[in-house]
Structure formats: C-alpha cells, structure tokens
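Subject: Handover of a structure

Hello,

I am passing on the structure below, followed by notes on what was found in it. Please keep it open while you read.

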Amino acid sequence: MSEIVNAKDLRPGNAFIYKDSLYQVIENSFNKTAMREGIVKCKVRNLHTGAITTIVLTGEKLEKAQVETIKMIYSYQDSNNFIFMDNSTYETIEIPKSRLEWEKKFITDGTEVIIQKYDDQILGATLPDQIVAEIVEAEEAVQGNTVQAVQKKAWITTGYEISVPQFIRKGDRVLINTSTGEYVGRTK
C-alpha cells in the first residue's frame, strides 16, 4: 500500500508521483496567505529523465514513492553499459552509457556511486559531491601573466576538459565538483 502525503509536508529528498511521473524534491517553499490555501513551490528532478523543473502545488495529496538507494562501485564498461558492483553482495548492475551522459565525465575505476531504484527499475547513479582526478595533460603556464585568476585548460583521465589555475601540472591530483564540473582545489 502506498503512502499518501500532503504537498505541504514534502521535504528535500522526498520522492513522489505526480501526473504519472516520478519526482524527487530538491528544494521547496510553503507560502500561506489568509485568504487562500497554502501554495507549495517545489524545485524537483524527474527521476526518469533527470530534468529539473518547478512544480506549484496547492493542497494536493500525493503518492509518496519509496526509492531504494544502494552504494556501488564502478567496476568496468562494455561497449554500451557501465557496470557497477555492490562490494558486500558482489551483485552487479548495468546502466546504459546513454543514461549517464554527465556522470561518465567523472567515473573512473573504483568511483563510489549511489544507485537509485524504484520498483526494480534502475533510475540512475548519483556521484559524490566531489571527486579526486588526475591531470593527464595540461597547457603550459603563460610566463609573466600576473593576473590573479588566470586559468588554463587541463584534461583528466576520462578525457574531460576543465579550467585550472596556472600552477597545476600533468600528474597533479585535483578535486572537481561533480555538479558543475569545475576545479575546486589541488589534493595530494
């Protein structure tokens, strides 16, 4: 039996079904005025398509969805899929490369991800907020350039191109924000 929840009781992270689609709340706000029913404005992610949108709800009762999350580690890839393994059960899951267009820029051997499942259907993989990546190629620093925020191009092991400060060199390990794809800092 499914659980019914009032729109005003939704919290970030909750998953629910609305108009035959599965959504997860990213952020929400509730506005109550004296003359009318409260309005709930939710920024949500469609868990089937990955699209982010805003939904305005006024007093609706929604079916809460139980999305299962499993920690898995990237194992390898074949021509069409990424294969992830659960370290405790050794169970493997295949996810088509086409479903992980953004994530594949940051997935390397041993990357830990959170796999989301709903009714035995795999919805996708969530990366950690930041990953450590090795720079495999970097442009040369421009000599004499003293502007404080000068950036240059560099590439990590997956082939993804990022902008980094002038002092970063081939072989350095850097932190990258997986939401924006931007350089965060250098690490050891």
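The protein exposes about 11700 Å², and carbon and sulfur atoms supply 45% of that area. Please note that this is a predicted model.

Overall form

The protein has 16 strands and zero helices. Its C-alpha trace spans about 65 × 45 × 25 Å along the principal axes. The radius of gyration is 21 Å, while a compact globule of 188 residues would have one near 16 Å. Of the 188 residues, 34% are buried. Among contacts with a separation of 6 or more, 43% are between residues 24 or more positions apart. As for charge, there are 23 positive and 26 negative charges, and their mean positions are 7 Å apart.

Cores

The largest nonpolar core has 25 residues. The members that touch the most other members are Phe84, Ile115, Ile162 and Ile176. Two or more residues of this core come from each of strand 7 (68-77), strand 8 (81-85), strand 9 (92-96), strand 10 (112-118), strand 12 (130-138), strand 13 (151-156), strand 14 (161-165) and strand 15 (173-177). There is also a second, separate core of 13 residues, which includes Leu10, Tyr18, Val25 and Leu62.

Leaving out residues up to four places away in sequence, isoleucine 162 touches Ile135, Lys152, Lys153, Ala154, Ile156, Val174, Ile176 and Gly181. Isoleucine 73 is in strand 7. With the neighbours up to four places away again left out, isoleucine 73 touches Ile83, Phe84, Met85, Asn87, Gly110, Thr111 and Glu112. Glutamate 182 lies 109 residues from isoleucine 73 in sequence, and their C-alpha atoms are 23 Å apart in space.

Loops with a positive phi

Most residues other than glycine have a negative phi. Two exceptions are worth a look. Tyrosine 90 has a phi near 65°, a positive value in a residue other than glycine. Tyrosine 90 sits in the loop between strand 8 and strand 9. Is tyrosine 90 buried or exposed? With a relative accessible area of 60%, tyrosine 90 is exposed, because the cut-off for exposed is over 50%.

Aspartate 120 also has a positive phi, near 65°. Its place is the loop between strand 10 and strand 11 (121-126). The relative accessible area of aspartate 120 is 71%, so this residue counts as exposed.

Other loop residues

Glutamine 166 is in the loop between strand 14 and strand 15. Why does glutamine 166 count as buried? Its relative accessibility is 16%, and buried means under 20%. Apart from its neighbours within four places in sequence, glutamine 166 is in contact with Glu140, Ala141, Val142, Val150, Gln151 and Lys152.

Histidine 48 is found in the loop between strand 4 (36-46) and strand 5 (52-57). At a relative accessible area of 36%, histidine 48 is partly exposed, because this value falls between the cut-offs of 20% and 50%. Which residues does histidine 48 touch, not counting those up to four places away in sequence? They are Leu22, Gln121 and Leu123. Arginine 169 is 121 residues from histidine 48 along the chain, and the C-alpha atoms of the two are separated by 39 Å.

Aspartate 20 is in the loop between strand 2 (15-18) and strand 3 (21-33). Its relative accessible area is 78%, so aspartate 20 is exposed. From aspartate 20 to glutamate 139 there are 119 residues along the chain and 49 Å between the C-alpha atoms.

Serine 98 belongs to the loop between strand 9 and strand 10. Serine 98 counts as exposed, with 55% relative accessibility. Serine 98 and valine 56 are 42 residues apart in sequence, and 30 Å separates them in space, C-alpha to C-alpha.

Regards

Definitions and conventions. Residues are numbered from 1 along each chain as its sequence is written. This is a predicted model: local features need pLDDT of at least 70, side-chain atom pairs count only at pLDDT 80 or more; totals for chains, interfaces and linings use all residues. Side-chain values use heavy atoms; hydrogens and water are left out. Helices (H or I, at least four residues) and strands (E, at least two) are DSSP runs, numbered from the N terminus. The radius of gyration is taken over C-alpha atoms; the globule rule is 2.2 Å times the number of residues to the power 0.38. Buried means under 20% relative accessible area, exposed over 50%, partly exposed in between (1.4 Å probe, protein chains only). Contact means heavy atoms within 4.5 Å. Accessible areas come from the Shrake-Rupley method with a 1.4 Å probe; for residues, only the protein chains shown count as cover. Lys and Arg count as positive and Asp and Glu as negative; His and the chain ends are not counted. The place of a charge is taken as NZ of Lys, CZ of Arg, CG of Asp or CD of Glu. A nonpolar core is a set of buried Ala, Val, Leu, Ile, Met, Phe, Trp, Tyr and Cys residues joined through side-chain atoms within 4.5 Å.
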